Amino acid sequence: MFRFLPFVIAGWVLTGSLRAATLDADLLIVGGNESACAAAVQASRLGVQRIVLVNDIDWLGGQFSAEGVGVMDEWTTVDGKRADFPRSGLFREVAQRIEETNRRNYGTPSPGNSFCGRLTIEPAEAERIFEGLLAAESSHVRVERGWEPATVQLDGRRVTGVTFTRAAETLQVTARVTIDASDWGDVIQRSGAAWSAGPDARARFDEPSAPELVDDSNRREMNPITYCVTLRDAGKEALTAEPAGYDVRRYFGATKATVTEFKALPWPKGTLLMNVPAFADTAHTAGPYSSPVNVYTHRRLVDARHLHLAPGAEKTFLNWPTQDYPLDRWPKAVADALDAMEPGAAQKNLVALTPVQRRVVFADAKQHALGFFHYLQTVSPEFRGLELTDEYGTPDRLPPKPYVREGLRLEALTMLREQDIRTAHEEPRWAKLMPLDGVFGFQFNIDFHPTRRVFLNDDPAGPWATIHTATRNWSTHTDRAMFPLRGLVPIERDGLLGASKNIGVSSVVQSALRLHGQMMLCGQASATVAWLALRDGVQPRAVAADPQRVLAVQRALVKSGVLIWPFHDLDPTADYFEAVNLLAVRGVIVPDADSVRFQPDKIASAEEIAGVLARAKLAELPGRNPAQPLTRAALATAVWAALAH
């Protein structure tokens, strides 16, 4: 159903049995995930007048909602202890709305008591939050749903529009700038822009953990997809039927209940074994990542048991490594189905498959996830009291989309590499590369879930399990880093920007740059570049090449509360926020080497003041009494004001 808005010229044209519509926009955003929604909201708030967001499903919000990942990974390490990476920008705003929703529903901002994170939200509630975000911008943002990109229109090297299809209908959107925030980089692919997927060979970026060779044995290898399973208290025993193709041997490595059975089978050495219980009665009172580890509380959404909530309020969801669906080798039935559609399709990377072909893969991944839930019900009485929620409105009660950890990677003006962010020490400090055109700060470990599928007795028609490779695994340490503006801009297409996971990173870096908050900031940054390009009538690459325009983008971002230089203790609402961020990016403020804190209230020493003034090329601060102490925040604010004049 079209939602006609006053700023859009739209019309239906009947062509035979097809219905065709045309829309004209300043900015087209393709996708409806968290990155796409953040881009639409940011562009609207900056003043872009005609924005069209085209989603391939009804739900908005991506990982938060449509992918069913209701527990946010935010952890980092500060002063030897786990802490949450600072929230900023639109992610901070969404997190506040999540906490408000939880307070209203459960009397606490964090009802999950989850092993993996403090911030939890039920997917349907998250979808309502994103609907509200977009509805508030409805005078400038038009949302279209259920459309898949079919073709991309070009004028020379410039993207000028995208044609979408939905059953017997077509929708053509022309736009001055297009942001591709789709799950699989559909616009980038169809525009002819350069892209990659799967591992990068060592020779490409000289990354220490990259494979020496990319060939048929590993070219499809990516971080696996997962169909999350959202569960609620059924109030009774609710044992599910075995799903199609169920083979319990797939799941013997999932919990300690079946370790003996797992070890009795001839799985290859290194096959994943999660030797932990299915259930433990714990509220994780010491916080996220505190013992005991177990499947049930790993990603719990609502801990009704310990919060003494009403019967039926208990909710959790499954996102367990055994449940992952590797992409390097297909089970025989999947490979046969793909090749029946198109000879050789089974040899393609998931990214390069058509939407119809991907649905074959997704259908099998769903059965695998449902099989995991059934297995848990056979080994744990607590899981027998749970049932699939009906909040998604899907026939199988699973999310409308899989959890996507890795997708297409844009060949951008610059590519962020493993050695730019990786570190040997456990506690993050500052990355080796802190680019002058940074547009948001981030940090997460290099985190590959098992990327390879192993078949029992090497029989692709039989049961399978998952395995890590020697260099693609989880918990490889990284430092705090910044993502460069140039990483959003294609090397060879104008009128186009990347967002979500369709950005200039290596496969290794994408494993560390994929979380809820990171992807929202990525969309916010891409939209800000689009806004400036539209305002100045230039292409995004001209923005990237002009230091003054880069600064204008950065100023707009920090004024929107986006943390660019990833200090741990900056308040996005404070007067000093812009000054500290942008002076640090420019090297005027030099962060302490052994601390990720800025300490805004700390009194700046005489040596510190002299160093800041020298790097700012200022002889003195106008009107300053040298005898009056200056906090670091006050120093930064005064220097930034002096430079602005």
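These legends go with a few close-up views of a predicted model.

**View 1. Arg300 sits in strand β12.** Is Arg300 buried or exposed? Arg300 counts as buried because its relative accessibility is 1%, and the cut-off for buried is under 20%. Leaving aside neighbours within four places in sequence, Arg300 is in contact with a whole list of residues, including Val71, Ser114, Thr120, His284, His306 and Glu314.

**View 2. Here's the largest nonpolar core, with 109 residues.** Look for Leu27, Phe440 and Phe483, the residues with the most contacts inside this core. Helix α14 (residues 516-536) gives the most to it, namely 12 residues. Zoom in on Phe440 and, not counting residues up to four places away in sequence, you'll find it touching Phe483, Leu513, Leu521, Cys522 and Ile564, among others.

**View 3. A second, separate core has 71 residues.** Val334, Ala369, Ala412 and Met415 are among its members.

**View 4. Helix α1 meets helix α3.** Helix α1 spans residues 34-46 and helix α3 spans residues 123-135. Their axes come within 9 Å and cross at roughly 25°. Angles under 35 degrees count as roughly parallel, so α1 is roughly parallel to α3. What is the handedness of the crossing of α1 and α3? It's left-handed. From α1, Glu34, Cys37, Ala40, Val41 and Arg45 take part, meeting Phe130, Leu133 and Leu134 in α3.

How values were computed. Residues numbered from 1 in each chain as written. Predicted model: local features only at pLDDT ≥ 70, side-chain atom pairs only at ≥ 80, totals over all residues. Heavy atoms only, no water. Helix = DSSP H or I, 4+ residues; strand = E, 2+ residues; numbered from the N terminus. Buried < 20%, exposed > 50% of the residue type's maximum accessible area, 1.4 Å probe, protein only. Contact = heavy atoms within 4.5 Å. Core = buried A, V, L, I, M, F, W, Y, C linked by side-chain atoms within 4.5 Å. Axes fitted to C-alpha atoms, helices over the stretch in contact; angles between N-to-C directions. Parallel < 35°, antiparallel > 145°, perpendicular 65-115°, else oblique. Left-handed = near helix turned anticlockwise from the far one by under 90°.
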